[in-house]
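Hello,

I am passing this structure on to you, as promised.

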Number of protein chains: 4
Amino acid sequence: MPLKDMQSQNDHRRIEIDKVGVKGIRYPIVVLDKINRVQNTVATINMYVSLPHHFKGTHMSRFIEVLNAYRHGISTRNIAEILIKIKEKLRSESAHIEISFPFFIEKQAPVTGASSLMEYTCHLVGSHREKLDLIVGVEVPVTTLCPCSREISNYGAHNQRSLVRVQGRFKKFFWIEDLIALIESCAVNEIYPLLKRPDEKFVTEKAYDNPMFVEDIVRSVASRLDLDSNVTWYMIESENYESIHNHSAYALVEKQ
Amino acid sequence: MPLKDMQSQNDHRRIEIDKVGVKGIRYPIVVLDKINRVQNTVATINMYVSLPHHFKGTHMSRFIEVLNAYRHGISTRNIAEILIKIKEKLRSESAHIEISFPFFIEKQAPVTGASSLMEYTCHLVGSHREKLDLIVGVEVPVTTLCPCSREISNYGAHNQRSLVRVQGRFKKFFWIEDLIALIESCAVNEIYPLLKRPDEKFVTEKAYDNPMFVEDIVRSVASRLDLDSNVTWYMIESENYESIHNHSAYALVEKQ
Amino acid sequence: MPLKDMQSQNDHRRIEIDKVGVKGIRYPIVVLDKINRVQNTVATINMYVSLPHHFKGTHMSRFIEVLNAYRHGISTRNIAEILIKIKEKLRSESAHIEISFPFFIEKQAPVTGASSLMEYTCHLVGSHREKLDLIVGVEVPVTTLCPCSREISNYGAHNQRSLVRVQGRFKKFFWIEDLIALIESCAVNEIYPLLKRPDEKFVTEKAYDNPMFVEDIVRSVASRLDLDSNVTWYMIESENYESIHNHSAYALVEKQ
Amino acid sequence: MPLKDMQSQNDHRRIEIDKVGVKGIRYPIVVLDKINRVQNTVATINMYVSLPHHFKGTHMSRFIEVLNAYRHGISTRNIAEILIKIKEKLRSESAHIEISFPFFIEKQAPVTGASSLMEYTCHLVGSHREKLDLIVGVEVPVTTLCPCSREISNYGAHNQRSLVRVQGRFKKFFWIEDLIALIESCAVNEIYPLLKRPDEKFVTEKAYDNPMFVEDIVRSVASRLDLDSNVTWYMIESENYESIHNHSAYALVEKQ
C-alpha cells in the first residue's frame, strides 16, 4: 500500500501561496568563467514555486532532484531551462530561484604585478511564469576616500573599505567579470588580496587623488550603466564602513 | 574662515539618489509596551533621505541629531513626526527610516504558569514624501510538526523550530503584542523560554494533535489577517528549520 | 502520579560532562553604569554546569529561574553569587556563565562637543568550582592608520575601522568605562557616532599624526595594562578591517 | 631608492606578540576526498606568526604568497610543510594557521537510496614552533529527539536539528569522512538533503525509537573516540536548536 500523499490533498481556505519551497541549501556548483571556462564554487540556494489555492502542499524533495541535475553547469544561459524544469516537476505555474556564490578572479597588483585571487559575491535571481525574469547581482569591495575630510584637513583624509552592490536586468548574455571591472573602474580604488610596498604606495596616492562620497560612487556606476544599451534596469548600492564611525554611510540609486 | 561645505556643492551628472544616509547605527531606544507602558531596548537603525540631482552630498551627522531627539520614545505613533523632522533638517523631499529591535513579552508556561520573558524581533519601516507609508513587522518563533511525517509513520512525527515573519500596513494604531498573539494562535505551538515537565508534556501532545505544513502556517495567519479590516496589506513568511534536513522549508503569501 | 524524572536516572558510561546547559538565551538585563548608576540592555547568555558521570541529564528550566531572579541587577559584583545559586539549584559542583551585551557611553565630539551614544560590546565570563574565576571583556572600535603607507606615500595614508578586544582578570572591582577609556587612549583615534565638520578635521589630522600598525595597538594596550597592578592576566586582540584589502590584519598578545 | 621598510624597524616596548597576521581571507582551495581523490571548496583562512619583541611589524603580503603556493592541495598531510614555509618566509619562530571550509559527501537516502550532497563544515588548526600541533574539527548536523518528552507524553516527542562539533588530535592520518561517519552513527538520526516519503517514514520512526538528551550525544561520541587509539585528545560539543524553546540545549565533554 503506498504511503498517503498528504501534500496533494485539497485545501479549502482559498489562499494561493506566492512562494513555497526550500531555503538555505548549500551545494557545490560549477559556474562559467571568462578566462578558465568554468569555476567550482559553493552556492547558497533557495528554490520556490507558487501553489494554487486548492493544493495543500508541495513536494520539497523534487527541488533537490532538479538541483542535482544541473549543479555541474549553472549560468545565466540556462536559468530559464532550470526554472521550466522546476515548474514541470512540481506541476506549478511559476518557479523562482535564488543562487548566491563566491566567485574568484585573478588580479595583478598595480605596480609589481604580484598575483592573487580576489573574491566577489555573485547572485542570480530568476523567476519564470510565462517568461524568464532574471536579475544578476555582484558585490564588489572597493576603497573609498572622503572628499570633505580631504578638503578641510591640512593633511590626510579618512578612507575605508566599501561594498558596492549592483543588481541589473540585461537584454543579452554578458560576462560577470566585465560588470565587476566596470564597477571597479568607478571606485576610488580597487582592492587586492596581495600588495607589495610599491603597490601600497600606488593605491594610497591614487585614493588621495580620487576622493569620492558614497553618493559619487553610486552616481558614477549609474552613469556608466546608463550608457550600456544592454542594461534595462539596475539598482546600485554602496555601503562605506566608515573608519571614523561605527556605522556605515550608504547610498542607493535605482533606474526607473 | 568656515570649513568648506563640500556636500552642498553642485553635481552635474543629473542623477537623483533614491536613498542616502546612515546604516547600521546601534542605539538604545524606548518603545511602547502594552502592559508596562514603555520598554527599553537596543535598536539597529538605518536613516535615509533622497538627494536631488544637483546636490553633491548629504550631511550625515544630522541623522544622529534627530535620533538623539527621539530615542526616549519611538513608536508607530510618532514615526511620521520623526520622518518630517529628518526631511526638514536634511532639506530633502523624502525620508526613510528602518528600526529593528528585540521586544520582550512575559509569558506563562501553559500548565504550571511558570513565568519567563520571550524575545520577538520587531521592525518599523517608514517612508515619507507627501504622507507616511509605514510597515510594521514582527518575527515570531513557533513550533511546527509535519502532517506528512505524522500520517505515514507508525509513531512520532518530525517537528522543529520555525520563524514566522509578518509585515503589514495598518489603518490605525494597534498593539504589537496583539499581532504577536494572533500569530502564535495560528501556529502548531507557541514557544516558551521556561517549561517545567507538565508543560513539556502539554506542548509535546499539543504539537502532535495539531500538525501543520509550512504552507498551513502562512495560510492560517493570512486567513486571520483577511478578517481584520485594520490591515490593508500583509506579507507573511514562515521558515521551518527542518529537523530532518540541513535546510529550511519556506512559504510566503502576500496580500495583493 | 508524578511525571517520571528521566534526567535524574543513572548513566553507566562513566563519562563526566564538563559543561551542560542552555545556550543563546536572549534576555533583558540591567547592568551597572558609572554615570547613570544603571543601564538597561539586552544580553545573550549561556549558562552551564558540570554533570557527574552517574547522572543522565540536567534540569534545563532551572537556569532560566536563576536568570529571572537576577536579571534586574547583574554586575561583576554578583557573578559569584549567581554562580553559587546555579550550583545549588542544579546540584552541581561547578557552574559557568557567559553574558554578552551592548553597553552605551555618551561621548562628546572632540571639537564641537556634540553629544551621541557610542556602543561597546561587553562580556562577563565566570566559572565557579571552589572559587570564582571571572574574565571581563570589552570590544572597542577605533580608527587605525598605517605607518608604512604614510611613510612611503607622497600624500595620504590608508586608514580603517579596527576592533580592539581586551579580556582580563582583575583583583578587585573596576568600572568597565575606565577600561574602555584606557583602550581608546591607546588607539590612533577614538570613534564617535556624531562628528561635525570641525570634528572631522580634527580626527583626520590626529589619525595622520599618529600612525600605528596592528602590532602597535596591542603593544600599546599591553604596556598600559602591565602598569596596572589590578590586572592579573590579559589577552589583547586587534582586528583592522583593511581599507586596501578584503581581509583583516590581526594581532594578539597575551600576558603569561 | 627603495621604499623604507617600516616593519623591520626596531621596537623598544619589549613586548613579544603571540600572533600577528591576516584574518578572514577567502580563497578557493583543493582538499583530499576519500572517494573522488580531491574536492574543490572555498575556505576562510587565518595565518599568523609570532613576532619577537625587537621587531616593529610583520610583512603581511607574504602570507598570501604562501597560500598561493599551496592552494591546489591542502590536507592534514602538508599542514606542517605549509607552516614551516610560513616561518621561513616571515622569519618567525612559530606559525599558526586556521582553515575552515565546507566539505560535501554524497549520501543515499536510507530506504529509496535517492542521492544528494550533504555539507559538513571542516576545520584545520595547526601551530608549529619546534613541531606540529594539529587539531582537526568537523561540524555534523543531526536530528535529536528528547527522551523526557517521549517518556512523559502520551504520544509524540519534541525533536530538532542539532549540530555536533568534534575537534581532535590524532597520531596518524585518517579520513575526515570516517570521523563524520562515526559521529553520525552516534546520533539519533542522520540528516539528508533529499528524502522521499518512505525515507521520511524511516527517519521519523528511527528518531522515536532512539531518543537522546544532548548529554547522551556527547557521551556517545566520547565513548567511541575513547576506543580509538589514534585519538590523543578530543573536545565534543552538541548544540540542540530546541523546537520548544528559542534557545539551544548544549553539552561539552573534553578528553583530559
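Between chain C and chain B, 30 residues of chain C are in contact with 30 residues of chain B, contact meaning heavy atoms within 4.5 Å. Please keep in mind that this is a predicted model, where local features need pLDDT of at least 70 and side-chain atom pairs count only at pLDDT 80 or more, while totals for chains, interfaces and linings use all residues. Residues are numbered from 1 along each chain as its sequence is written, chains are lettered from A and ligands numbered from 1 in the order in which they are written, and side-chain values use heavy atoms, with hydrogens and water left out.

The two chains bury about 2400 Å² between them, with 61% of it on carbon and sulfur atoms; buried area is the accessible area (1.4 Å probe) that two parts lose on being put together, summed over both. Of the area that chain C buries against chain B, 24% is supplied by C:L3, C:L117 and C:R197, more than by any other three residues.

The rule finds 6 salt bridges across the interface of chain C and chain B (a side-chain nitrogen of Lys or Arg within 4 Å of a carboxyl oxygen of Asp or Glu). B:E65 forms a salt bridge with C:K196, their closest N and O atoms being 3.0 Å apart. Several elements of chain C each supply at least two residues of the side that touches chain B, among them strand 3 (95-108), helix 1 (61-70) and helix 5 (197-209). These elements are DSSP runs numbered from the N terminus: helices are H or I with at least four residues, strands E with at least two. Helix 1 of chain C gives the largest share of that side, 5 residues.

Helix 1 of chain C also has buried residues, namely C:S61, C:F63, C:I64, C:V66, C:L67 and C:Y70. Here buried means under 20% relative accessible area, exposed over 50%, and partly exposed in between (1.4 Å probe, protein chains only). What covers them includes strand 4 (115-128) of chain B, together with strand 1, strand 2 and helix 2 (79-90) of chain C.

Another salt bridge joins B:D5 and C:R197, with the closest N and O atoms 3.5 Å apart. This pair crosses between chains, from the segment before strand 1 of chain B to helix 5 of chain C. B:D5 counts as partly exposed because its relative accessibility is 25%, and C:R197 counts as partly exposed at 24%.

Over all chains, the structure holds 64 salt bridges. In chain A, the side chains of A:R169 and A:D133 meet in one of 2.6 Å, N to O. That pair links distant parts of the chain, strand 6 (residues 159-170) and strand 5 (residues 132-145), the two residues being 36 residues apart. A:R169 is partly exposed, with a relative accessible area of 25%.

Is B:D11 buried or exposed? B:D11 counts as buried, because its relative accessibility is 8%. Leaving out residues up to four places away in sequence, B:D11 touches A:D216, A:R219, B:H53, B:H54, B:F55 and B:K56.
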